[in-house]
Amino acid sequence: MDTKKVRVRFAPSPTGGLHLGGVRTVLYNYLFAKKHGGEFVLRIEDTDQSRFVEGAEEYIMKCLEWCGIEPDESPLKGGPFAPYRQSERKANYAQYAQQLINDGKAYYAFDTPEELEVMREKYKMEGHSAQYDNRTRAFMRNSLTLTADEVNTLLAANTPYVIRIKMPVGETLLFTDMIRGAVSFDTSLVDDKVLLKADGMPTYHLAVVVDDYLMKITHAFRGEEWLPSAPVHLLLWRYLGWENDMPEWAHLPLILKPDGNGKLSKRDGDRLGFPVFAMDWIDPRTNEQTTGFRERGFLPEAFVNMLALLGWNPGVEQELFSMEEMAALFSMDRVHKGGAKFDYEKAKWFNHQYIQKTDNVQLAELIKPQLADKNIIATDQKLIQVIALVKERCHLLNEFWEQSYFFFVTPQTIDTAAIQAKWSDTAKSFFQSLQTNFIASADWSHDNIETIFNNTIIDAGIKKGEAMLPFRIMLVGGKFGPGVFAIAELIGKEETIKRLQNALASL
RNA sequence: GGCGCGUUGGUCAAGCGGUUAAGACGCCUCCCUUUCACGGAGGAAUGACGGGUUCGAUUCCCGUACGUGCUACCA
């Protein structure tokens with residue numbers, strides 16, 4: 001067992017945007033695989049054709065790529081266990097379901113959806129559990145209650161049927177979860193899950209076991225919401241005779257909404273104003289667009305770092321990690337048992353840290369499209385200089401424009417009220433002289449601009465404190481932005497003088 | 001309702017029988033910066049409850065409460 005090569009898998013169902021929790025599940029899979037020199041496979045669980053969504057699979061792969069997670073095997077890349085889409089593996093499953101029937105571990109059920117509905121209603125009214133379980137199955141239409149002849153007749157007539165697992169009565173099932181330790185279930189309380197659907201497709205329960213076996217998966221990580229169905233999977237491994245090859249399980253804690261409790265949903269993001277999906281997702285059926293972390297201005301390294309630490313503690317003080325560092329440190333027993341509330345403020349803090357770490361030239365490449373959208377033409381050199389000046393005040397890449405637009409366009413409005421508060425005839429004559437002195441200057445460098453400014457102050461007999469703020473507002477429009485002389489230098493002599501003139505005219 | 005899982009500051013969390021109960025985000029105060037931000041220094045703030053076990057429980061056990069997940073021919 002321990003000598004086997006580690007193989008893990010992420011098995012999403014292609015039904016829509018890739019949720020934070022999904023990304024974290026992939027991430028933990030990936031980190032675990034890297035840590036142990038193993039393989040990470042991407043398997044698409046598309047056994048429910050009614051929920052198939054066009055483009056979702058490609059979208060998921062793009063999200064992984066953006067996050068810097070490359071599967072060793074996938075539908076796109078192929079691999080020794082291809083195909084990696086369950087819909088293309090359909091032929092595999094029926095034989096195992098049949099084997100279970102032959103062994104008396106499963107049975108045919110001919111109940112129609114309507115009959116099931118009636119059963120559930122009835123038991124609900126009586127206050128019993130409305131499950132198709134070891135008690136109720138005795139009253140339903142299945143190969144346990146029908147004679148062999150009746151079953152054969154129904155089968156021969158192509159009557160739609162499903163295959164259900166026959167849960168034993170009164171057995172205690174125990175397994176060790178890598179995160180939670182010992183977990184146990186009473187089989188009497190678990191229902192007879194459908195294994196093979198009427199359309200011949202397996203349900204998740206059968207497919208996950210068969211494919212994990214066939215693909216030699218050694219460790220299976222999934223969300224906590226799967227814990228209640230673990231006994232079914234456990235029994236399937238046993239009944240199919242593969243128990244010795246069963247992977248180790250880890251059920252990951254949920255990511256919760258920031259306010260109140262409960263699983264974080266896309267709705268919560270919309271409501272509270274933050275993304276929940278990794279990348280923008282446009283639902284092809286409704287054309288509804290949902291913003292992703294990428295489009296919101298997150299760096300993938302920051303996104304991944306933040307997510308990794310939401311539920312996992314590396315055991316060191318350090319908080320900023322590259323993927324390699326995380327892989328080296330990763331271990332399942334340092335994953336928390338309890339769910340973690342998502343904190344968007346902390347997410348932004350991570351992104352801020354990564355923006356500071358990222359080279360200005362690289363940032364320029366990421367920011368160029370934003371400028372292009374606004375029809376701004378700027379040289380790389382200027383862009384890079386601006387980035388150097390404003391990056392420390394950006395938590396998101398998308399904040400770049402609001403922090404720096406005054407470098408590229410003349411502000412349309414300026415906060416004249418704030419200037420007026422300090423305005424006087426002395427101030428006015430100061431700015432008039434300042435203009436004259438700027439026009440006469442030959443050296444438009446940061447230091448020289450400041451020298452001219454200082455000298456003019458002395459000549460005008462004004463306090464520097466009274467002049468600095470109005471000067472800033474005239475250049476950028478308000479009380480914000482980096483050092484004012486650096487701004488003047490970058491926008492240039494002509495533009496600086498122009499802005500002074502405009503401002504003076506409007507006062 | 002049944003079953004599973006969980007519970008350390010507002011949030012992420014360390015701890016693994018004896019600690020002044022780390023650290024980070026956020027918040028507050030001050031400093032720096034003649035703007036804002038960054039940065040720096042401080043500060044407030046934490047083991048759900050009740051029983052055990054023990055010389056000693058945040059830590060181990062059992063209850064209770066609360067939360068949450070599941071209870072589909074969805075994953």
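Let's start with charge. Chain A carries 57 positive and 68 negative side chains, and the centres of the two sets lie 2 Å apart. Lys and Arg count as positive, Asp and Glu as negative; His and the chain ends are not counted. Each charge is placed at NZ of Lys, CZ of Arg, CG of Asp or CD of Glu.

A word on the source. This is a predicted model: local features need pLDDT of at least 70, side-chain atom pairs count only at pLDDT 80 or more, and totals for chains, interfaces and linings use all residues. Residues are numbered from 1 along each chain as its sequence is written, and side-chain values use heavy atoms, without hydrogens and water.

Now the overall build. Chain A has 20 helices and 13 strands. These are DSSP runs, numbered from the N terminus: helices are H or I, at least four residues, and strands are E, at least two. The radius of gyration is 32 Å, well over the 23 Å that the globule rule gives for 507 residues, so chain A is more spread out than a compact globule. That radius is taken over C-alpha atoms, and the rule is 2.2 Å times the number of residues to the power 0.38. The C-alpha trace spans about 110 × 50 × 35 Å along its principal axes.

Next, one helix. Which residues of α13 are buried? In α13, residues 380–390, they are K382, L383, V386, I387 and V390. They cover an arc of only 135 degrees around the axis, which puts them on the same side of α13. The arc uses directions from the helix axis to the C-beta atoms. Buried means under 20% relative accessible area, exposed over 50%, partly exposed in between, with a 1.4 Å probe and protein chains only.

Definitions and conventions: Chains are lettered from A and ligands numbered from 1 in the order in which they are written.
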